[in-house]
Amino acid sequence: STPVAANESHIFLGSDLKRAYAVPKNLKVEDWTYLTKGRIEARPLLAGDKVVFASHDGSVTGLIPSVGWDKVRSWKFNTGDRIRSDLAFHDRYIFVGSADYKVYCLRLDGTVRWSFVAQAAINESPIIYNTSAGLHAFAISDENKLKGLPRTLFSLPLPKGDYVAAVFSSWTLEYVKKVVSIGKKNLYVLMEPGASGEKTLLAVDIATGKEAFRLDVAGFNFIPNNAADFGRRSTERGRIYLISKTGAIQVLGEKSL
């Protein structure tokens, strides 16, 4: 039920059977399994000396790649609701989006560095970018029909230092489907289709969230995210990949935009 992660010796994957698996690369049977209380949908994450699994039971668990659960070295952190999206990792920190309306930043030992409270469930993987203004996390909350709130993107400037109780958004943007790329000054996002089904790529100022310009991307079925190594690869910054219904690929660079 998940994509596969791998290190030098094992492949790691999650299951609808609520189990995490570690399979040696040269064998057809698992080396170990770990049972959770919910299906596993998020991709396993290799972070530091752990392989980290997140489950629909709301738990995030750091396991030892070679043996699984270890009473001394392993850890478990519980959020308040299911975790559906992939975890993100940057520097020494693990970023978790939960249906309990929160984004968590965990240290490598499973303790909480900070959390952010959104207005609805976070079922998309947090996106981490290193910008000219510092490190930012971008999180998208789902539509909240009870409160009449659309899908909303939150820009979260990340603090320096290890002991921070919470972070707060510097700006928000409604009706965002996904984050696509980041440039020198702009963040590029794909907007939710309107009543006519149009597809729009929007460039917004990273610092303020104000619209810089927009592009019609009708005819392109797949617009993958380009993390560009969390913003460290300058040649990939602001690069946008568009794949059409026929399979043709168009690449847009910031200068040509």
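Aspartate 16 counts as partly exposed, at 48% relative accessibility, where buried means under 20% relative accessible area, exposed over 50% and partly exposed in between (1.4 Å probe, protein chains only). The structure is a predicted model, in which local features need pLDDT of at least 70 and side-chain atom pairs count only at pLDDT 80 or more, while totals for chains, interfaces and linings use all residues. Residues are numbered from 1 along each chain as its sequence is written, and side-chain values use heavy atoms, with hydrogens and water left out.

A search of the whole structure finds nine salt bridges, a salt bridge being a side-chain nitrogen of Lys or Arg within 4 Å of a carboxyl oxygen of Asp or Glu. One of them joins the side chains of aspartate 16 and arginine 39, at 2.6 Å from N to O. This pair links distant parts of the chain, 23 residues apart, with aspartate 16 in the loop between β2 (10–14) and β3 (19–24) and arginine 39 in the loop between β4 (32–35) and β5 (45–47); strands are DSSP runs (E, at least two residues), numbered from the N terminus. Arginine 39, partly exposed with a relative accessible area of 29%, also forms a salt bridge with glutamate 41, their closest N and O atoms being 3.2 Å apart. Glutamate 41 in turn forms a salt bridge with arginine 84, with the closest N and O atoms 3.6 Å apart, and this pair links the loop between β4 and β5 to the loop between β8 (75–78) and β9 (88–90), 43 residues apart.

Among the aromatic residues, ring pairs link Tyr129, Phe138 and Trp171 into a cluster, where rings of Phe, Tyr and Trp (its six-membered ring) pair if their centres lie within 6.5 Å. The search of the whole structure finds eight aromatic pairs.

Conventions
Rings of Phe, Tyr and Trp (its six-membered ring) pair if their centres lie within 6.5 Å; planes under 30 degrees apart count as stacked, over 60 as edge-to-face and the rest as tilted. Helices (H or I, at least four residues) and strands (E, at least two) are DSSP runs, numbered from the N terminus.
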